[in-house]
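Subject: Structure handover

Hi,

Here is the structure I promised you. Please open it first, then read my notes below with it on screen.

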Amino acid sequence: MLPLLYVVFSAMTADPAVWRRLWTTRVPELFLNTLSLSLGVAVINLTLGISLAWILTRYTFAGSRIWDWLLILPLSIPSYVLAYTYTYLLKRGGTLEQIWQTIAGPEAVFFSPFSFSGAVLVLALNTFPFVYLLARSALKNFNVSFEEVARTTGAGRVTTFFRVSLPLIRPSLIAGLFLAILYVASDFGAVSLLRFQTFTYAVYQQMTGRFDNTAAACLSLVLVACAFVFLFGERWFRQRSRFYQTTGRYRKPLPQPCRPLTALLFTGYLVLVFGAAFGLPVLLLIQWTIKATSAGEISHEFIGYVWNSVSLSGITATTALICGIPLAYLACRRRTWASTFCVQGAYTGYVLPGPVAALAVLVLVSQIVPQLYGTILVLLMAYLVHFLPAALQGMESTLQQLTPNLEEAARSLGARSFRTFFHVTLPLVRGGFLSAWILVFVQCMKELPASLLLRPVGFDTLAVRIWLEASEELYQLAAPPALLIVVITIPVVLLLMQKDQT
Amino acid sequence: MPRVFFLLFVVVVALALPSWNYAEDTLVVYSGRAERLIQPVLDAFQAESGISIQMLTADSTALINRLQMEGARTPADVLITNDAGTLERARELQLFQPTTIPGIEETIPGRFRAPDNSWIGLSGRIWVIIYNTTMVRPGDISSILDLADPQWKGKIAIPSAGSVYLQTGVSVIRAVKGDEITTAFLRGLKDNAGEFVYGKNRQIVAAVARGEVAAGPVNHYYINRHLAKHPDAPIAPLLTDQGEQGMGVVLNAAGIGITAHTKRLEQARALIRFLISPKGQRTFAEVNKEYPLNPHVTAAPELLPLQSFQVARVPLSRLAQLRDPTMTVIEDVGLR
């Protein structure tokens, strides 16, 4: 919270001329770009998410159960990794263009990855599982009676879908879209590699391209303000659209078997989406990694990068937990004005895009404890500001499920609060806390902008290596660390998914 | 459980700590140059001197900001960047210290150094126009300003606004021609380039070689690099603004400076001595087909000799003051 205030402060005290210049030149363009990118991604996400969820909840066919799992795997690819594989796939004379030219004639050109379409494609493929997941769970718990009523009163399939089913799952769709758009607006990795100017990317560019950080702070302020408006907008929207089950007549939808041809069609569609979002990029990474390994391009330094990433992520996750436990505890057990303020303050990190979090920590550190600048602690702070909210959320929900009676029983038997916490509470919430730890760990492994801006000398992380090599278009050199991150992330994504289902 | 966490924490910190400290005799280099271009020469230096090197690669401007924030605590001993403007900026901010290197007057000409030797140029690159030989005749373009002519609409590719090369080029044009002509030039450039705005020079070269566009401004060595891989590519460099009235081609230098607060002055000096020596110059410049600035070292044979053409007479050190207003001009025109 404090870092954020600092950014606000330095933006407020900026020279009016800087503001005027930004408002007249950069802000309108950036706003339009960010907005149109979000909308483009939203449209594709809705189409993909709803259609995939519909197919998988309403029909069964050979292999239809596997897709439940496969379709969340795209979440394990960091946006910058997906972006860099697509700069290769979509480049002029690249694989996709050659395929396209054999279909559409030799003169046909594919769109460049470094364009609006390229950015939309990459980010949509990266985020559609959000919408898909929420649409799927909504459709699974859907009461089919509503549809049946519509059908018996004479509505056709299509009308029923658009007038009855879709509005009913709307809250879930909006929640999914909200996540996706927040992700797009705060994404740095993909837009920086595809050089698509959004607010987040512009903040980074102003930080690295100019000799003072005022302009970056101003843009951050505008971005954070937009994020807050969006956040409250979403809350308001969700409160307005609630649907209730009024009677006890609830029937789950039963997936129907479908004809072989339809099944083939569905499978083809699923393979296409999955291949584009996960299969093809990962195959490329594997191929490049093999090439790089056999060419001896993986140096002994690689182990060092792995160690940097793993140790720093581990320390951050542990620190996040240690800092988070009292906060989460306060939020659940002792709700006071001050504790709510503290917890909500920590949550502001959620809406801070990476470069802004980095800028905030940078400004704060340079004002208060300049001795720390250039040390690992600064990076750790930036990670914490950014990822503590995720840890808090996980811990809070676990703590909430635990009845206070158990703790009260321990206290009444004479245990002091410390003892109670360590011997009663902690063992019971271990699982939830562990998954919070893992979540933060993985987020840190993937973190890019703050690592780029704040890393100490000789402390390149895997993500930094990927970005440096990929922006030089050295595809093979970027592949091994990218593959490693994906491999580490997959089990975590599956784990979280499993929790979601039970 | 908490004990396990705590133990894990301590172990991880203990194991990781050594890797965060730099040994006494390790020279810390902040570098704004692509790693692949600088690693060979640093390796050669390590092999010869036994001094090991730690490098931090980042954007040149970001490195200056960083040095400034770190102040006296900076771990950096030297800064290497690809842009003399950035080096001069660092000197103005007193991030460098003046040095005396024996024989420097004979090895690096005065116009490629700061007056007090706070920074020393190592290699030069010129901003030329690459053109597709099947689409353009060399006579069609004589000045860089010609690229803004409407006849090239949709036919040229340009670097993105973030490119230091573009910023340097525009700074020089501003210094020689003034803001009005520069703004008109940039407007024309923007209109003509349309979608063809690239972050990397290499992409401009590739676009010209494929014939997607006819021409574009790039650093000279990207052309040589492309030709080395594809000798038959229909591309050639064009030196603009020559002749009596011409402003000359834009030249920028990569260089090095010793930080004001280094604790390893001797090792830093040794690195500079190595980099300006014939061997160092050759390795430093030749990986990238740049011009060695030591006149006793000949450039790669495929390059036109540095003495054979006219270079813009804007002193490298002026690039520093020109930089911020140039950024504003570029942003005002709305280049991406």
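This is a predicted model: local features need pLDDT of at least 70, side-chain atom pairs count only at pLDDT 80 or more; totals for chains, interfaces and linings use all residues.

Helix α16 (residues 354-368) of chain A packs on helix α17 (residues 376-401) of chain A. Their axes are 9 Å apart, and the angle is about 130 degrees. An angle over 145 would count as roughly antiparallel, and 65 to 115 as roughly perpendicular. The crossing is right-handed.

Which residues make the contact? From α16(A) come A:G354, A:A357, A:A358, A:A360, A:V361 and A:V365. From α17(A) come A:V378, A:M381, A:A382, A:V385 and A:H386.

Now pick out A:A382. Leaving aside residues up to four places away in sequence, A:A382 touches A:A357, A:A358, A:V361, A:A450 and A:L454.

A:A382 also matters for the next item, the cores. The largest nonpolar core has 152 residues. A:L359, A:V361 and A:A382 touch the most other members. Where does this core lie? Domain 1 (1-243) and domain 2 (286-502) of chain A both give residues to it, so the core lies between them.

Next, the two domains of chain A. The domain assignment gives domain 1 as 1-243 and domain 2 as 286-502. Taken over C-alpha atoms, their centres are 23 Å apart. How many residues does each domain bring to the contact? Domain 1 of chain A brings 35 residues, and domain 2 of chain A brings 34 residues. On the domain 1 side, several helices of chain A each supply at least two residues. They are α1 (2-12), α4 (79-89), α10 (189-194), α11 (199-209) and α12 (214-240). The largest share of that side comes from α12(A), with eight residues.

Last, a helix pair in chain B. Helix α7 (residues 179-193) of chain B crosses helix α12 (residues 319-333) of chain B at roughly 45 degrees. Their axes come within 9 Å. That angle makes α7(B) oblique to α12(B). The crossing of α7(B) and α12(B) is right-handed. On α7(B), the residues in contact are B:D179, B:T182, B:T183, B:L186, B:R187 and B:K190. They meet B:V329, B:I330 and B:V333 of α12(B).

Best wishes

Key. Residues are numbered from 1 along each chain as its sequence is written. Chains are lettered from A and ligands numbered from 1 in the order in which they are written. A nonpolar core is a set of buried Ala, Val, Leu, Ile, Met, Phe, Trp, Tyr and Cys residues joined through C-beta atoms within 7 Å. A residue is buried if 20 or more other C-beta atoms lie within 10 Å of its own, exposed if 12 or fewer, and partly exposed in between; C-beta atoms are placed from the backbone. Domain bounds come from an automatic or database domain assignment. Two residues are in contact if their C-beta atoms, placed from the backbone, lie within 7 Å. Axes are lines fitted to C-alpha atoms, for helices over the stretch in contact, and angles run from 0 to 180 degrees between N-to-C directions. Helices (H or I, at least four residues) and strands (E, at least two) are DSSP runs, numbered from the N terminus. A crossing is left-handed if the near helix is turned anticlockwise from the far one by less than a right angle, and right-handed if clockwise. Angles under 35 degrees count as roughly parallel, over 145 as roughly antiparallel, 65 to 115 as roughly perpendicular and the rest as oblique.
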